[in-house]
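I open the notebook here.

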Protein chains: 2
Amino acid sequence: MARSKEFNEEEALDKAMEIFWKQGYEKTSIQDLVDQMGIHRRSLYDTFGDKHSLFVQTLERYESLVAAQIRKQITEEMTTVESIRKIFELAVYSDSTYPKGCLMVNTAVELSLLDDEVSQRIKTAFKQTENLIADLLIRGQARGEVASSFDINELARYIHNALIGVRVLVKMTANPKEFDSTIDMTLSILKND
Amino acid sequence: MARSKEFNEEEALDKAMEIFWKQGYEKTSIQDLVDQMGIHRRSLYDTFGDKHSLFVQTLERYESLVAAQIRKQITEEMTTVESIRKIFELAVYSDSTYPKGCLMVNTAVELSLLDDEVSQRIKTAFKQTENLIADLLIRGQARGEVASSFDINELARYIHNALIGVRVLVKMTANPKEFDSTIDMTLSILKND
């Protein structure tokens, strides 16, 4: 009979995610991970593979957490501006039990030029966010909340670019209220013709 | 008589800057620096101090290089949109002899939560860029090129936020033309009333 695992895999993965999120891929050692996850080195390797493989699993976990959060926050009744504002607010007012900033953006900056596998994953994740924004904008055009003259892909890219800016600057801004006017201005163009 | 240095300090500093720029602070070892700078380990310590001290010196070098580039590109005759567009273009169409992306933004993401000294420096550098943009906007309001209803600080913060987005996304975008519409849209609000 196989011995049952002495740790909860999901909890351990969350803890690994947090330390990578806080201090990046390179700075995080296997010893940091063992300490933070509270499991034996051997269990870490057996369950998650090497550091790179564990890191990729934390990226996947992060993506699904963020996607679930967004799905929970956005409802059919919200206007386009309200919906997209929610996505910005999730970046600005993040759960204070987690590190500031965004694991995806951190990873994009740290590893884009150094790690092809990770770079491809981040590109895909960014594209998914852009597509989600594009879907909201298409609905917005149908409802007359977004000017019909816009190219949806360009508009989604513009909004996603601002979102990336926020996800970086939130790491160095003490007062989240500072982002209000930036978000307002970013979304103010939606009605332009 | 003191023996003359066998290397050019500025060139060596540039080489250190490039490797930090490409692979970040944490991943760069003293051995990487020795190899890249082509100087002896002992000379590195004697001239630049430890890795952290050398890193801070490369940040200062980077700041002055970027500031000089901007000063060279922006003239009194340019419109507000043309001037600010130049700042974006410097981020998008960077000299291909240098790594993609921005050392300041990379460092903001990598070290903001981990290194107070560096974090303060980056905040100051970001503030300087925001102030430069604010100066251009004030001139723009005086010339009637920027709507007078805008709060200049908020507008500068909005533009700087988009610039940060570009400085991240340029690391993962093969075609710089993709940024054209984002920059156009970002600057399109200047005339709004």
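Is Arg61(B) buried or exposed? I looked it up: Arg61(B) is buried, at a relative accessible area of 17%. Buried means under 20% relative accessible area, exposed over 50%, and partly exposed in between (1.4 Å probe, protein chains only).

A note on the source. I am reading a predicted model, where local features need pLDDT of at least 70, side-chain atom pairs count only at pLDDT 80 or more, and totals for chains, interfaces and linings use all residues. Residues are numbered from 1 along each chain as its sequence is written, chains are lettered from A and ligands numbered from 1 in the order in which they are written, and side-chain values use heavy atoms, with hydrogens and water left out.

**Entry: Arg61(B) and its partner.** I found a salt bridge between Arg61(B) and Glu10(B), with N to O at 3.8 Å. The pair ties together parts that are 51 residues apart in sequence, because Arg61(B) lies in helix 4 (residues 51–73) of chain B and Glu10(B) in helix 1 (residues 9–27) of chain B. My rule for a salt bridge is a side-chain nitrogen of Lys or Arg within 4 Å of a carboxyl oxygen of Asp or Glu. Helices are DSSP runs (H or I, at least four residues), numbered from the N terminus.

Entry: Lys86(A) is partly exposed at 25% relative accessibility. Glu89(A) is partly exposed too, at 24%.

I then turned to chain B. Lys86(B) and Glu89(B) form a salt bridge, their closest N and O atoms 3.6 Å apart. About one helical turn separates Lys86(B) and Glu89(B), because they sit three residues apart in helix 5 (residues 80–92) of chain B. I read 26% relative accessibility for Lys86(B), partly exposed, and 24% for Glu89(B), also partly exposed.

**Entry: the wider count.** How many salt bridges are there over all chains? I get 26. I also found a network of salt bridges that links Glu76(A), Arg139(A), Arg143(A) and Glu145(A).

Definitions and conventions. Helix = DSSP H or I, 4+ residues; strand = E, 2+ residues; numbered from the N terminus.
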